[in-house]
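Dear colleague,

I am passing on a structure that I would like you to look over, with the sequence and coordinates shown just below. My notes on what was found follow after them.

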Amino acid sequence: MSRFWSSVVHNLSPYVPGEQPKRDGIVKLNTNENPYAPSPRVLAAIAAATDRLRLYPDPHASSLREAIADRYDVAPEEVFVGNGSDEVLAHTFQALLKHDAPLLFPDITYSFYPVYCGLYGVSYEEVPLDAAMRVQIADFRRPCGAIILPNPNAPTGIALSRDSIEALLTEHPDQVVVIDEAYVDFGAESAVSLVARHDNLLVIQTLSKSRALAGLRVGFAIGQRPLIEALERVKDSFNSYPLGCLAIAGAIAAINDNEWFQETRRRVMTTRESLTRDLTELDFEVLPSAANFVFARHRSHSGGDLATRLRELGVLVRHFNKSRIADFLRITVGTDDECGRLVALLREMI
């Protein structure tokens, strides 16, 4: 059937998501999902919204935008919502990141970025992380059309300070700078407070990680009105109803339950520190993480071999067979019991 494909499809190298196992009993530490259930308020809100399933949802998701705006102290018209942050990112690449000069992003980063570039014909340059796997703002002082950075970076988990992000914005006043904050709630500083004084900043977040709604698919962006309008113009030329009424209801409840949010993210961060100590004792080098995962490599064992052996024993972690990081494992922070099982198996192997 490939003879019917367009030239775009022939040249695509699609993103490969983490494995979703089909059998029970697997410890799943490979896709950065929250180990805890969503807020009970989310389940109640979704149940209450089922009587609206026969109707189209609000195409503007106005009530959700208002809830996000209230939480982050911005105006509702400065908020864009989409079907997961990946869709928000896709619209962003198409609406704001395609220019004559190349888009810049790190060489070790979210592997969906080059996929979007291929899909939308965006030229790009990868900026190498330093020897410690950190983003250096000075390395982005080069001609470009736009910049996108995850903060914390993925898969390293290392975060930039808000001051560093503001320095980047100040050095590139004529380029859009996108900060992808999928993991920001686990210990990094959000750049949302910089939006008011930087018209070139777009901040993207998701409810998948820190609010345990990966299955609901809700993401959002915050920026000054011209950037948000660009995203709306793309959305309304593609899909006017990206969020269903159940997703809108559940997302509002999650945003509003701050007590649940604070408690569960605290538990994840506490377990992350315990996991880091345990891995360090097993002679792993563990990068400093501000995310709900750690990025670690053993000083004498292959990352690929460890991932394969763990999988055989029912524990999934993420391994990237890529230059510079082939010996690293990205390990999601699970419950204390799940991380304990991982460490016990590693102790037996090593």
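In this predicted model, seven strands make up an open sheet of mixed pairing, in the order β2-β8-β7-β6-β5-β3-β4. Because β2 (79–82) and β4 (124–127) stand at the edges with a single partner strand each, one side of each is left without a neighbour in the sheet. On average, neighbouring strands of this sheet are turned by 20° against each other, direction ignored.

Within the sheet, strands β7 (residues 201–206) and β8 (residues 219–223) run antiparallel and are joined by five bridges; L202 has G223 in β8 as its bridge partner. Helix α4 (residues 84–96) lies across β2, β3 (103–106), β5 (146–150), β6 (176–180), β7 and β8, and runs at about 160° to β7.

Turning to the pockets, the largest has a volume of about 600 Å³, and of the 29 residues that line it, Y15, T31, Y110, Y183 and K209 are the closest to its centre. By class, the lining of the largest pocket divides into 13 nonpolar, nine polar and seven charged residues.

The second largest pocket holds about 190 Å³ of space, and of its 14 lining residues the closest to the centre are E19, A307, R311, L316 and V317. Both α10 (303–312) and β11 (315–319) supply at least two residues of this lining, with β11 giving the most, five residues. The lining of the second largest pocket has six nonpolar, five polar and three charged residues.

With best wishes

Terms used
Residues are numbered from 1 along each chain as its sequence is written. This is a predicted model: local features need pLDDT of at least 70, side-chain atom pairs count only at pLDDT 80 or more; totals for chains, interfaces and linings use all residues. Side-chain values use heavy atoms; hydrogens and water are left out. Two strands pair if DSSP finds at least two bridges between them. Helices (H or I, at least four residues) and strands (E, at least two) are DSSP runs, numbered from the N terminus. Axes are lines fitted to C-alpha atoms, for helices over the stretch in contact, and angles run from 0 to 180 degrees between N-to-C directions. Contact means heavy atoms within 4.5 Å. On a 1 Å grid over the protein atoms alone, a cavity is a set of points where a 1.4 Å probe fits but cannot get out, and a pocket is an open set with protein on both sides within 12 Å along at least five of seven lines; lining residues have an atom within 4 Å of a point. Grid points are joined across faces, edges and corners, and a volume is the space filled by probe spheres set on the points. Ala, Val, Leu, Ile, Met, Phe, Trp, Tyr, Cys and Pro count as nonpolar, Asp, Glu, Lys and Arg as charged, and the others, Gly among them, as polar.
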